[in-house]
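Hello,

Here is the structure I promised to pass on. Please open it first, then read my notes below.

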Amino acid sequence: MIKGKHIILGITGGIAAYKSAMLARLLIKAGAEVQIVMTPSAREFITPVTLSALTGKPVVSEFFTANTGEWHSHVDLGLWADAMIIAPATACTIGKMAHGVADNMLVTTYLSAKAPVFVAPAMDLDMMAHPSTQANLDLLRSYGNHIIEPASGELASHLVGKGRMEEPENILRVLESFFSRGSELSGKKALVTAGPTYEKIDPVRFIGNYSSGKMGYAIAEELASRGAEVTLVSGPVSVSCKHSGVRVVKVESAREMLAASESVFDSADIAVLTAAVADYAPASPATTKMKREGNAVPTIELVKNPDIAAALGERKRPDQLVVGFALETDNEESNALDKIKRKRLDAICLNSLRDSGAGFAVDTNKVTIFTASGAKIPGELKSKREVAADVVDFISKSLRK
Ligand code: C5P
C-alpha cells in the first residue's frame with residue numbers, strides 16, 4: 001500500500017529523533033519515496049548525513065542552501081507528497097502547526113501540504129498533559145490531521161508516563177492501514193443521521209437536547225475517507241463537516257429528518273443513525289410568540305415523533321446494513337438489545353452516560369457494538385474520531401461477509 005507513495009518525513013528536535021532513522025528505513029523498505037524535512041534543532045539530535053544516506057535524497061531543513069542560494073520550494077514539496085508525517089513532533093512544532101507560525105521549512109511545508117498529515121508527538125509526560133499541548137492537538141485534529149497518540153513508558157527524563165513517540169513499526173502500520181482504507185468502501189452509498197432535532201413550540205422556542213453531532217459527523221467523515229458516497233442528514237449543530245465528499249442536508253425537526261432520510265435510504269447500502277431524535281413534538285406549535293399572561297402556566301400538548309430508525313428498519317432490504325446508536329443511563333445492555341429487535345437494526349453502538357467521557361458534547365466516547373446475531377464488541381474510551389474508525393471497521397467487515 002505504501003509502495004510508490006511520496007512521503008515527507010518531518011523531524012523535529014526531540015530525543016526520539018533517533019527513531020526517525022528507523023522509520024525512514026521502514027518506509028523505504030516498504031517501497032515509499034521519502035523526503036526528509038528537519039527543523040534546525042532536529043539536526044542537534046540526528047545528522048542529515050544518516051538520513052540522506054537512508055533515503056537517497058538530500059535532507060531539506062533551510063529555506064535555501066546558503067552557499068549556492070538554491071531555494072527549496074515548500075509549495076512544490078507540499079504538492080509532491082501523498083502523506084506527510086511529523087515524527088517526532090515536539091510541543092513547540094505542534095504549537096507552531098496549530099497556529100500557523102511558519103518560521104521554518106517544516107511548518108511552511110506543513111501549511112502547503114494538500115496530503116493527509118500524521119503527527120506523532122513525543123515529549124515529557126507533563127508537557128504532553130499540559131492543557132496548551134492538548135488544545136493544540138485538538139486544533140490539529142480539527143484541521144483533519146491524524147494524531148498518532150504517544151505510548152506510555154519510560155521517557156528520556158527517566159520519568160514514566162505518556163509521551164513516548166509511537167514505535168516506527170506502529171507508525172508504518174498506521175500509514176499502511178490509511179492507504180489501504182482509501183477505497184475499501186468505494187461504490188458504496190451511506191446515509192448518516194446526526195445531531196439533535198428541534199421541535200418548535202413557537203417561532204422562538206423549541207424542545208431539543210444536548211447532542212453536538214460530533215459522533216455522527218466523525219462517522220460521516222470516516223465513511224467518506226474510505227471511499228463511500230455519504231449523505232449526512234444533520235439536525236442543528238455548530239460543528240461542520242471536514243470532508244468535502246460528504247453531502248450535508250440540514251434539517252430541524254424529526255419529521256424533516258425522516259423525510260430527508262427516507263429520500264436517500266433506498267439507494268443506500270449503509271445507514272448509521274447517530275441522531276438524538278426528540279421523542280415528542282408540540283402538537284400544534286404557536287405561529288406567534290407565546291406571551292406570559294398573568295400567573296397562568298401554559299400546558300404544551302405533545303405528540304409522538306416518528307421513529308426514524310424503526311421506519312427505515314421496516315423497509316430495510318437484506319443487502320442493506322443499518323447501525324443505530326443507543327445512549328443509556330441504566331439497564332444499558334438489555335435496552336440496547338431490545339432496540340436492535342424493535343427497530344430491526346443490524347447492530348447498535350451502545351454508549352452509557354455512566355462512563356465518564358462518553359456521550360453528548362464531549363470529544364471522547366466509549367462504545368460497545370452489539371449485533372443482531374448476538375456478538376458483543378467492547379470498546380475503550382477514545383476520541384470520537386477513533387470510535388468512528390472502529391464503527392466503520394465493523395461496517396466494512398460486515399459488508400465483506
Ligand atoms: O430509542 P432511542 O432513541 O434510544 O434509539 C436510539 C436509536 O434510534 C438511534 O440510532 C437514533 O438515531 C434512532 N432514533 C430515530 N428516531 C427516533 C428515535 C431514535 O432514528 N425518533
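**What I found**

Pro88 is part of strand β3, which covers residues 83–89. Keep in mind that this is a predicted model. The peptide bond that joins Ala87 and Pro88 is cis. Its omega is about 0°. Most peptide bonds are trans.

Next, a backbone angle. Asn331 has a positive phi of about 40°, although it is not a glycine. Most residues other than glycine have a negative phi. Where does Asn331 sit? Look in the loop between β16 and α12, the helix of residues 332–342.

An oxygen atom of the ligand is 2.7 Å from a polar backbone atom of Ala275. For Ala309, a polar backbone atom is 2.8 Å from an oxygen atom of the ligand. For Ile308, the ligand atom is a nitrogen, and the distance to a polar backbone atom is 2.9 Å. How much of the ligand does the protein cover? On its own, the ligand has 440 Å² of accessible area, and the protein covers 87% of that.

Last, a pair of helices. Two packed helices are described by the angle between their axes and the distance between the axes. Here the pair is α1 (residues 17–29) and α2 (residues 48–55). Their axes come within 9 Å and cross at roughly 10°. Angles under 35 degrees count as roughly parallel, so α1 is roughly parallel to α2. Which residues meet? On the α1 side they are Ala21, Ala24, Arg25 and Ile28. On the α2 side they are Thr50, Leu51, Leu54 and Thr55. The residues of this contact divide into five nonpolar, two polar and one charged.

Best wishes

Methods: Residues numbered from 1 in each chain as written. Predicted model: local features only at pLDDT ≥ 70, side-chain atom pairs only at ≥ 80, totals over all residues. Heavy atoms only, no water. Axes fitted to C-alpha atoms, helices over the stretch in contact; angles between N-to-C directions. Helix = DSSP H or I, 4+ residues; strand = E, 2+ residues; numbered from the N terminus. Parallel < 35°, antiparallel > 145°, perpendicular 65-115°, else oblique. Contact = heavy atoms within 4.5 Å. Nonpolar A, V, L, I, M, F, W, Y, C, P; charged D, E, K, R; others polar. Polar contact = N/O pair within 3.5 Å; in protein donor to acceptor, adjacent residues only side chain to side chain. Areas by Shrake-Rupley, 256 points an atom, 1.4 Å probe, with all protein chains shown as cover.
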